[in-house]
Amino acid sequence: MSALHPDSTLITIKSDRQLAKLVQQLFADKSNARALQGDWRDLLTYAPFDLLFADGGKAKLTEP
């Protein structure tokens, strides 16, 4: 997070509800970071992106 420009926003999404809550707590004091719980498709409401890193494990095998 220290390398993130103040005008940038980091958005991460976790399918696991408990993991999402932990990440939300980790970023609680960061106004430019959001941790969501849901499916990767939920990120589409935040598009367009300047940079997108997808690491979805087995989810990447079923749909692009």
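Mentor: One definition to begin with: helices (H or I, at least four residues) and strands (E, at least two) are DSSP runs, numbered from the N terminus. With that, S15 sits in the loop between β1 and α1 (17-26). Keep in mind that this is a predicted model.

Trainee: Okay. How many helices and strands does the chain have?
Mentor: Two helices and two strands. The pattern along the sequence is β-α-β-α.

Trainee: Back to S15. Is S15 buried or exposed?
Mentor: Exposed. Its relative accessible area is 63%, and the cut-off for exposed is over 50%.

Trainee: What does S15 contact, leaving aside neighbours within four places in sequence?
Mentor: Q37 and G38. S15 and Q37 are 22 residues apart along the chain, yet their C-alpha atoms are separated by 5.6 Å.

Trainee: Now strand β1. Where does T12 lie?
Mentor: In β1, which spans residues 10-14.

Trainee: And is T12 buried or exposed?
Mentor: Buried. T12 has 18% relative accessibility, and buried means under 20%.

Trainee: Which residues does T12 touch, not counting those up to four places away?
Mentor: V23, F27, R34, A35 and L36. Of these, V23 falls within the α1 range, 17-26. R34, A35 and L36 fall within the β2 range, 33-37.

Trainee: What share of the 64 residues is buried?
Mentor: Buried residues make up 17%.

Trainee: And what share of the contacts with a separation of 6 or more comes from residues 24 or more positions apart?
Mentor: That share is 38%.

Trainee: Which residues make the nonpolar surface patch?
Mentor: Y46, F49 and L52. The patch covers about 280 Å². Y46 itself is in the loop between β2 and α2.

Trainee: Why does Y46 count as partly exposed?
Mentor: Because its relative accessibility is 31%.

Trainee: Where is the cis peptide bond?
Mentor: It joins A47 and P48, with omega at about 5°. P48 is also in the loop between β2 and α2.

Trainee: What about A54, where is that found?
Mentor: In the loop between β2 (33-37) and α2 (59-62).

Trainee: Is A54 buried or exposed?
Mentor: Exposed, at 54% relative accessible area.

Trainee: How far is A54 from W40 in space?
Mentor: C-alpha to C-alpha, 8.8 Å. In sequence, A54 and W40 are 14 residues apart.

Trainee: Last topic, charges. How many salt bridges does the structure hold?
Mentor: One. R41 pairs with D39 in that salt bridge, and the closest N and O atoms are 2.6 Å apart.

Trainee: What are the relative accessible areas of R41 and D39?
Mentor: R41 has 35%, so R41 is partly exposed. D39 has 31%, so D39 is partly exposed too.

Terms used: Residues numbered from 1 in each chain as written. Predicted model: local features only at pLDDT ≥ 70, side-chain atom pairs only at ≥ 80, totals over all residues. Heavy atoms only, no water. Buried < 20%, exposed > 50% of the residue type's maximum accessible area, 1.4 Å probe, protein only. Contact = heavy atoms within 4.5 Å. Patch = residues over 30% accessible without salt bridge, like charges linked within 9 Å, V, L, I, M, F, W, Y side chains within 5 Å. Areas by Shrake-Rupley, 256 points an atom, 1.4 Å probe, with all protein chains shown as cover. Salt bridge = Lys/Arg side-chain N within 4 Å of Asp/Glu carboxyl O.
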